[in-house]
Amino acid sequence: MSDWDSVTVVRKRQPGAKSLKDKASVTSAQQRGVALSVEKKAVANKTGTSSIDASRAAKVDRETEDFKVEKVDKSVAQAIREARNKLGLTQTQLAQKINEKATVINEYEAGKATNPNQQILARLERALNVKLRGQGIGQPLR
């Protein structure tokens, strides 16, 4: 046999994934032995909210890990408030002094700031001349 009689296929495209929507095409694919997979989609109901997949909801319910978010300690918040009042500064003035927003100062003083930033605490220490980290919180810096 010569090379002219044989055919070499260099690249044949794999059949792509198709979405079979009607029952006849699904039955046809099953008869041909094609591997099928079924995916459930979240469908919006009349109120506009989507239905939740029960298996995912159960997985979330079984989750037992506790997540704790570190917040500013109350002693630090009180030390910031007292030192600021002692210097006669408003929250806005202190925020301008350390190049932050007034809401940041408010959150730190209220003890609501999550994951306190060490750089902000260092700037507050320098601006207020009060120790805010480690031991001796509220004591003057040396």
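Here is a short chat about a predicted model of a protein chain.

Student: How many helices and strands does the protein chain have?
Tutor: Reading from the N terminus on, the elements run α-α-α-α-α-α. That pattern goes with the count for the protein chain: zero strands and six helices.

Student: What share of the 142 residues in the protein chain is buried?
Tutor: Buried here means under 20% relative accessible area. The chain exposes about 12300 Å², with carbon and sulfur atoms supplying 49% of that. As for the 142 residues, the buried share is 20%.

Student: Does helix α1 lie largely in the open or largely buried, and why?
Tutor: Helix α1 covers residues 23–32, and Gly33 comes just after with a positive phi of about 85°. Of the ten residues in α1, one is buried, so the helix lies largely in the open.

Student: How are helices α3 and α5 oriented to each other?
Tutor: Take α3 as residues 74–87 and α5 as residues 102–110; their axes come within 7 Å and cross at roughly 125°. Angles over 145 degrees would count as roughly antiparallel, and 65 to 115 as roughly perpendicular. The two helices are therefore oblique.

Student: Which residues of α5 make the contact with α3?
Tutor: On the α3 side, the contact uses Lys74, Ala77, Ile80, Arg81 and Arg84. Taken together, the residues of this contact divide into four nonpolar, four charged and no polar. The α5 side is made by Tyr108, Glu109 and Ala110.

Student: Which helices do the buried residues of α6 pack against?
Tutor: Helix α6 spans residues 118–128, and its buried residues are Ile120, Leu121, Ala122, Leu124, Glu125, Ala127 and Leu128. They pack against α3, α4 (91–97) and α5.

Student: Which residue caps the N-terminal end of α6?
Tutor: Look for a side-chain oxygen lying 2.9 Å from the backbone nitrogen of Gln119.

Student: Is Glu125 buried or exposed?
Tutor: Glu125 is found in helix α6. Its relative accessibility is 9%, and the cut-off for buried is under 20%. So Glu125 counts as buried.

Student: Which residue's side chain makes a polar contact with the side chain of Glu125?
Tutor: Leaving aside neighbours within four places in sequence, Glu125 is in contact with Val130, Lys131, Leu132, Arg133 and Leu141. The polar contact between side chains, at 3.0 Å, is with Arg133.

Conventions
Residues are numbered from 1 along each chain as its sequence is written. This is a predicted model: local features need pLDDT of at least 70, side-chain atom pairs count only at pLDDT 80 or more; totals for chains, interfaces and linings use all residues. Side-chain values use heavy atoms; hydrogens and water are left out. Buried means under 20% relative accessible area, exposed over 50%, partly exposed in between (1.4 Å probe, protein chains only). Helices (H or I, at least four residues) and strands (E, at least two) are DSSP runs, numbered from the N terminus. Axes are lines fitted to C-alpha atoms, for helices over the stretch in contact, and angles run from 0 to 180 degrees between N-to-C directions. Angles under 35 degrees count as roughly parallel, over 145 as roughly antiparallel, 65 to 115 as roughly perpendicular and the rest as oblique. Contact means heavy atoms within 4.5 Å. Ala, Val, Leu, Ile, Met, Phe, Trp, Tyr, Cys and Pro count as nonpolar, Asp, Glu, Lys and Arg as charged, and the others, Gly among them, as polar. Accessible areas come from the Shrake-Rupley method with a 1.4 Å probe; for residues, only the protein chains shown count as cover. A polar contact is a pair of N or O atoms within 3.5 Å; within protein, one must be able to donate a hydrogen and the other to accept it, and residues adjacent in sequence count only if both atoms are side-chain atoms.
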